[in-house]
Amino acid sequence: MNLLANLIPVSAEIFLLVMVCFILIADLMLTQSSKLFTYLLVQLTLLGCSIITVGTHEHGVTYAFNNMYVDDLMSDVLKMLSYLGMSMVLVYSRQYLMLRGLFTGEFMVLALFALLGMNVMISANHFLTLYLGLELLSLSLYAMVALQRDSAIATEAAMKYFVLGALASGLLLYGMSMMYGATGSLELGVISDAINHGVQNKSLLAFGLVFIVSGLAFKLGVVPFHMWVPDVYHGAPTAMTLLIGSVPKLAAFAFTVRILVEGLQGLEHDWSSMLIILAIASMALGNLAAIAQTNLKRMFAYSTITHMGFMLLGLISGGIEGYGSAMFYTVVYMMMSLGAFGMIMLLSRAGFEADTLNDFKGLNQRSPWLAFIMMLLMLSMAGIPPTVGFYAKFSVLNAIVQTGHTWLAIVAVLFSLIGAFYYLRIIKLMYFDAPESHEPIVYGSDTGLLISLNGLGVLFLGLMPGTLMSICAVSVQQSLLLY
Amino acid sequence: MIFGLPVISITIWLPIIFGILVLATGDDKNAPLARLLALVGSVLGFLVTLPLYIGFDTTTSSMQFVEHHDWITRFNINYYLGVDGISMLFILLNSFFTVIVVLAGWRVIEKRVSQYMAAFLLMSGMINGVFGALDSILFYVFWEAMLVPMFIIIGVWGGPNRIYATMKFFLYTLLGSLLMLVALIYLYNLTGGSFAILDFHQVAIPMTAQILIFIAFFFAFAVKVPMFPVHTWLPDAHVEAPTGGSVILAALMLKVGAYGFLRFSMPITPDASHKLAGVMIALSLIAIVYIGLVALMQTDMKKLVAYSSISHMGFVTMGLFIFNAYGMEGALLQMISHGFVAGALFLCIGVLYDRMHSRNIADYGGVANKMPVFAAFFMLFAMANSGLPGTSAFVGEFMVIMGAIKVNFWYAFAAGTTLIFGAAYTLWLYKRVIFGKVANQHVEELTDLNAREVLIMSLLAVLVLGMGVYPLPLSEILHASVNDLLVHVAHSKLPL
């Protein structure tokens, strides 16, 4: 394979890297007041990336760089959604960051580096590429959490995130090295073949799997490897929380699926029973702990844990139904969490964070439209039709019931009943209580438009979920080579 | 379909569109516009349901006015609507009550008028959707979505303890719904990929699975009815809800539960239904007798009527699970009649509450002296609630008791006691509130019904009496579907 053929699948990433370097240098020349230029440049970069990703899309699965890198439908869909998500993150956080003096070139460059990391994770077909992407993402995120360096709580969150994240990476690497020992390769396809043909050292394989699953669980933030999630979500500036809590979930999904399904399909019986425990524990602890929170960001952190647990149910079910529903769930979750954190930032002012439950009191009287949008988002998170969150839950439940784990579906719905309580509580605060503050809510027309689209999108996709569901199922079917 | 128009879709979406329009009128500066728009929307919403009645073919038990469009092709979920004799009348009933509720809230609701009116219109469309849906997921979507407006209605415009009540209402009903969802998905896999309710009716199911499915459905529907052990949310919700909310709760929400038994539990799991019929009848009788006694002890007017509703709904569930034509038709007529009567009683209490801001029976006395017209209407509805012949309630209760006698004398005997208890608690309530000397200064200041209230009461009075004297136009619609359902339920669905 010649060099050019190798470069085509990665052209979006190359473009992104070039642009990041360009922005990094160009930003030095700009004064603080003209950061808007950088911002526009970043948005244009995202647009350019999506054009390239669409343009270089090829039917089927293309491997590059000696099978280290893969370009398939799933990677293209997830990348497109990542660009969209990242673009939304930037729109939501612009005003919030400007008011706090954090709207700097570094922020945007780090965000793009994180995106590059995610792209690499999404397209990786080799343990080393996977790890490379993961570290690029993680290091960017550590730095972003710590960007507000005079804030003790943010620094603490960054420290925690870094230490635990490094530990998780260590576990993952350790597991990978055991896999290498057992199968003699780091390439996912080769590992898969080796396992299917029988491996001499079964215990090495089993140990490796445990470490890998633990590492993945850390990155996904599922119980019992969830400790960092609430602290980081709470401590980081909301714009960073938004970033951490939304787009990287797509990459984490791809990462998990690539390792467990593409690489370790032969061990499905083992890892799916581990995931069952992780999923149930996440749904239980996440839902119960979320009830006790008064800080909204912390509450959403626990809610993330729950949602990731629910998503794992899809992976446990397996097959196109299962992986497709898990992907659909992740995409829907990203949309909902973008909206929810976006709303927190929208309601924040200079020197004031609207991140406690009380800040949402009486929102319906201050702004009926925003309250309505937030209600849609909360209903969607609770999985109540006619919002898209219902179909996310529905498709996962359908996949579980199909595999015969009906009891697991019952456990899942009972926990989501508990979850419904704290989402309803927010609706209650907005609609039934009197406002504590009567400060006018000031927000730019771009964020206002975006949050409206975000909320109505949740409703619209709830009325017409078919297309997105099919996209997810088809991309899983074409990419994971299950049959 | 009439003139090629999708009638059921119109009955669903017209109120919803008007609801959105009303919502768009914004804050209370535009309240008159919101009220007017809501009235127009609800009246139109009622008018568009009339073709269902006029064009209804009473000779067939198959679905009519069927609409079928692809919706979510991936899961073979369709936008599939249709009505039979069982569901059609409820669409009419619902649309009728939406008009009543809009009128009842005309002056009383002063804050956030547009949101109040819009919530009722949206809910009206969704309830029509529940009765019209023939795809179980479409049914489920409407079924859960209608909780949201009710949640808001009770929570925003309700009484002092409204937040506790509305949370309890929502979570109770959600618990049942989620278990039903799992059952629906299970059935989807059993039928080999169809969510159509009519396909569920045909599929063979082993006994254990039938019983589990029945239990899942039981949680969903029994909570809504509400049946005896899971009824506790209803008094709370009723007491705290604004008048309009109580009316819709009593007249429609409870019926949705019983409708679920008819449409899902009995035809999908006939063997389990027969096997567990004893339990269902026992729970129904407990509701009839025990809750009737509980109603006797209430000091709060709304609570009293709420408990009376539970007791009357016990009749409905008993009528369904004795599996004969009298029982089932009686149960359906009782559902419709109870809609009118309980709705009317809540409106009566609303009339008093608007003037006195008290639901306490002890605060009243001698109201007849100050509100003679009101007292007359209240008398009629109180009599109907105790099942007096000539009122609508008599027809249904009589038929259910007839049906029960055929099965077991003691069922009929126990159910018959309600005629005594029902009369006791309703008439005692009436006596304490309406008769006697003027109790206090506040009663002295009461003013009689205004024209709008007289209009509402007269409409209901005519219906209550009309249905009591001449129920044939309703019962002939039920006949074919009920008989078909009974034949269907009589056949075992166990796999051979």
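Student: Which residues in helix 14 of chain B meet which residues in helix 19 of chain B?

Tutor: A caution before the details: this is a predicted model. On the helix 14 side of chain B, the residues are M301(B), L304(B), S308(B), S311(B), F315(B) and M318(B). They meet A415(B), T418(B), G422(B), Y425(B), T426(B) and L429(B) in helix 19 of chain B. By class, this contact has 7 nonpolar, 5 polar and no charged residues.

Now the geometry. Helix 14 of chain B covers residues 301-321, and helix 19 of chain B covers residues 409-434. Their axes come within 11 Å and cross at roughly 165°. Angles over 145 degrees count as roughly antiparallel, so helix 14 of chain B is roughly antiparallel to helix 19 of chain B. The crossing of these two helices is left-handed.

Chain B has another pair to set beside this one. Helix 15 (residues 325-356) and helix 21 (residues 451-469) of chain B pack at about 155°, with axes 10 Å apart. Helix 15 of chain B and helix 21 of chain B are therefore roughly antiparallel to each other. Their crossing is left-handed. From helix 15 of chain B come S337(B), F340(B), V341(B), G343(B), A344(B), L347(B) and V351(B). Helix 21 of chain B answers with E453(B), I456(B), L460(B), L463(B), V464(B) and M467(B). The residues of this contact divide into 10 nonpolar, 2 polar and 1 charged.

Next, chain A. Helix 17 (residues 368-382) of chain A packs with helix 19 of chain A at about 170°, and the axes are 9 Å apart. That makes helix 17 of chain A roughly antiparallel to helix 19 of chain A. Helix 17 of chain A contributes A371(A), M374(A), M375(A), M378(A), M381(A) and A382(A). Helix 19 of chain A contributes G419(A), A420(A), Y423(A), L424(A), I426(A), I427(A), M430(A) and Y431(A). By class, this contact has 13 nonpolar, 1 polar and no charged residues.

Helix 19 of chain A also takes us to the contact between the chains. That contact takes 25 residues from chain A and 26 residues from chain B. On the side of chain A that touches chain B, helix 18 (388-402), helix 19 (406-432) and helix 21 (466-479) of chain A each give two or more residues. Helix 19 of chain A gives the most, with 12 residues. The residues on this side of chain A divide into 18 nonpolar, 6 polar and 1 charged.

The largest nonpolar core has 395 residues. M374(A) is among those with the most contacts inside it, together with M121(A), V145(A) and V182(B). The largest share of this core, 19 residues, comes from helix 15 (residues 319-347) of chain A. Take M121(A) as an example. Leaving aside neighbours within four places in sequence, M121(A) is in contact with L130(A), G133(A), L134(A), L137(A), A251(A), A254(A) and F255(A).

Because 7 of its 8 residues are buried, helix 10 of chain A is largely enclosed by the rest of the structure. The buried residues are W228(A), V229(A), P230(A), V232(A), Y233(A), H234(A) and G235(A). They pack against helix 6 (127-145), helix 7 (152-183), helix 11 (238-245) and helix 14 (296-317) of chain A.

Conventions. Residues are numbered from 1 along each chain as its sequence is written. Chains are lettered from A and ligands numbered from 1 in the order in which they are written. This is a predicted model: local features need pLDDT of at least 70, side-chain atom pairs count only at pLDDT 80 or more; totals for chains, interfaces and linings use all residues. A nonpolar core is a set of buried Ala, Val, Leu, Ile, Met, Phe, Trp, Tyr and Cys residues joined through C-beta atoms within 7 Å. A residue is buried if 20 or more other C-beta atoms lie within 10 Å of its own, exposed if 12 or fewer, and partly exposed in between; C-beta atoms are placed from the backbone. Helices (H or I, at least four residues) and strands (E, at least two) are DSSP runs, numbered from the N terminus. Two residues are in contact if their C-beta atoms, placed from the backbone, lie within 7 Å. Axes are lines fitted to C-alpha atoms, for helices over the stretch in contact, and angles run from 0 to 180 degrees between N-to-C directions. Angles under 35 degrees count as roughly parallel, over 145 as roughly antiparallel, 65 to 115 as roughly perpendicular and the rest as oblique. A crossing is left-handed if the near helix is turned anticlockwise from the far one by less than a right angle, and right-handed if clockwise. Ala, Val, Leu, Ile, Met, Phe, Trp, Tyr, Cys and Pro count as nonpolar, Asp, Glu, Lys and Arg as charged, and the others, Gly among them, as polar.
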